[in-house]
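Dear colleague,

Please find below the structure that I am handing over to you. My notes on what was found in it follow directly after.

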Amino acid sequence: MKIGDHELTSKDLAVAGIFVLVVIALLWVMVGAKPNPTVLQKGMADPVLLQGGIPGAGKGQFSYPRGIAVDSNGDIYVADSRNHRIQKIKGADGKFTLQFGKFFNVGGGDKKKLENDQLGMLNEPNDVAIGPDDMVYVMDTWNGRVQIFTPKGKAKRAIASDDGVFAPRGIVVDPNGFIYIADTGKHRIVKFDPKGQKIKSWGMKGDKNGEFNEPIGVALDQAGNLYVADRLNFRIQVFSGDGQYIREWPVKGWSKEQIDMEPHLAIDQAHSLLYASDGRGHKVYCFKLDGSLVSTIENDAQGRPLFSVPIGVAVDKQGALYVVDAGAGKIFKIRGQF
């Protein structure tokens, strides 16, 4: 083959072919290597500081997200429930960082199987909490176990109860690594030690002090007292860390409807405030720790409704509130109510 007066050899053609393939590959990488999306962006108006997210299965998209937690660096973890994964968002710039978890139904209630089978796989995680050293604790709800991940999303181990749990929802971890979960279907709280051994459970179905009717959200105050969203008793109960009943107060907005009524709790320890979501009422309540109502968060500065179905709540070190809107597939960062 000739180009002008030059006779192309087979070697020339091979080199040219390789060059073309390299160029194509580089172009492919340049087109495909899009930067991670910015999930959280400036809010619409006070009190919203940041907001973002849309329904879907891509990066920074959510399918009925529920729980949320913020680590010591201000990075955000979201239980993207129906995508069966956790998404991590950089707190500094609101960008998607990573995701971990895929769907798997472990099945059965055998403790050994739950603690060893398909680690890192999830089945509708409902909540996420941050423990010591910023380890990420995930309430793997429909697998009936807790899974522990590194901040980079590597599965380390799983924890299960020897007597089984049913549809557990909420989780919180104290500074010493003790784990509390709301065993929603069995109407009780279960406490594990830092090694993952069950050391205590309390509660049964009922409406007396220390009894529950579908507990969901849990949170700890600075003194180590546990606050429980006792959903169908329409109240928040408070216990010592070893399960002794202390007090309670009613939450008048909570309703008996099953759909969208999954109240989560978060405590701003520095300012002694407790936030409780109300999915059916499209709002978040802010209480003092004695149960007195401080404010109700439901509208922006122009009076427009903020939320569709708020469920997950969390507080960062500065006292800002994070709210997961499961219905809209969105995350809000809201000015603290102090």
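Strand β23 (residues 265-268) pairs with β24 in the antiparallel sense, over 4 bridges. Please bear in mind throughout that the model is a predicted one. Within this pairing, I267 has L274 of β24 as its bridge partner. The two strands β23 and β24 make a hairpin with 4 residues between them, and S272 in the turn has a positive phi of about 55°.

Strands β24 and β25 run antiparallel and are joined by 6 bridges. Here A276 has Y285 in β25 as its bridge partner. This hairpin also has 4 residues between its strands, and H282 takes a positive phi near 60°.

How many of the residues of strand β24 are buried? For β24 (residues 273-278) the count is 6 of the 6 residues, so the strand is largely enclosed by the rest of the structure. In a regular strand the side chains alternate between the two faces of the sheet. In β24, L273, Y275 and S277 point one way, while L274, A276 and D278 point the other way, and all are buried.

**The chain as a whole**

The protein chain contains 2 helices and 29 strands. It has 338 residues, and 54% of them count as buried. Its accessible surface comes to about 15400 Å², with 54% of that belonging to carbon and sulfur atoms. Among the contacts in the chain with a separation of 6 or more, 45% are between residues 24 or more positions apart.

**A sheet of four strands**

An open sheet is formed by 4 strands in the order β11-β12-β13-β14, with antiparallel pairing. The strands β11 (127-130) and β14 (155-159) stand at the edges with a single partner strand each, so one side of each is left without a neighbour in the sheet. On average, neighbouring strands of this sheet are turned by 25° against each other, direction ignored.

Inside the sheet, strand β12 (residues 136-140) pairs with strand β13 (residues 145-149) in the antiparallel sense over 5 bridges. M139 stands opposite V146 in β13. The loop between β11 and β12 holds D133. The phi of D133 is near 60°, a positive value in a residue other than glycine. D133 has a relative accessible area of 74% and is exposed.

**Aromatic rings and charges**

A pair of aromatic rings is described by the distance of the centres and the angle of the planes. The structure holds 9 aromatic pairs. One of them joins W249 and F287, whose ring centres are 5.5 Å apart and whose planes stand at 55°, so the pair is tilted. W249 belongs to strand β22 (residues 245-250) and F287 to strand β25 (residues 283-288), so the pair ties together parts that are 38 residues apart in sequence. Are these two residues buried or exposed? W249 counts as buried, at 4% relative accessibility, and F287 also counts as buried, at 5%.

Elsewhere, W202, F212, F239 and Y245 form one aromatic cluster. Charged side chains also sit over rings. R82 lies over the face of Y64, at 4.2 Å from the ring centre. The charged end of K191 is placed over the ring of F178, 5.1 Å from its centre.

**Two further loop residues**

F234 is found in the loop between β20 (226-230) and β21 (235-239). Its phi is near 50°, a positive value in a residue other than glycine. With a relative accessibility of 31%, F234 counts as partly exposed.

G60 is found in the loop between β5 (54-55) and β6 (61-62). Which residues is G60 in contact with, leaving aside its neighbours within four places in sequence? They are V39, G53, I54, Q87 and F96. G60 counts as buried, at 8% relative accessibility. The C-alpha atoms of G60 and L40 are separated by 8.9 Å, and the two residues are 20 residues apart along the chain.

Yours sincerely

Terms used. Residues are numbered from 1 along each chain as its sequence is written. This is a predicted model: local features need pLDDT of at least 70, side-chain atom pairs count only at pLDDT 80 or more; totals for chains, interfaces and linings use all residues. Side-chain values use heavy atoms; hydrogens and water are left out. Buried means under 20% relative accessible area, exposed over 50%, partly exposed in between (1.4 Å probe, protein chains only). Contact means heavy atoms within 4.5 Å. Accessible areas come from the Shrake-Rupley method with a 1.4 Å probe; for residues, only the protein chains shown count as cover. Two strands pair if DSSP finds at least two bridges between them. Axes are lines fitted to C-alpha atoms, for helices over the stretch in contact, and angles run from 0 to 180 degrees between N-to-C directions. Rings of Phe, Tyr and Trp (its six-membered ring) pair if their centres lie within 6.5 Å; planes under 30 degrees apart count as stacked, over 60 as edge-to-face and the rest as tilted. A charge sits over a ring if NZ of Lys or CZ of Arg is within 6 Å of the ring centre and within 35 degrees of the ring normal.
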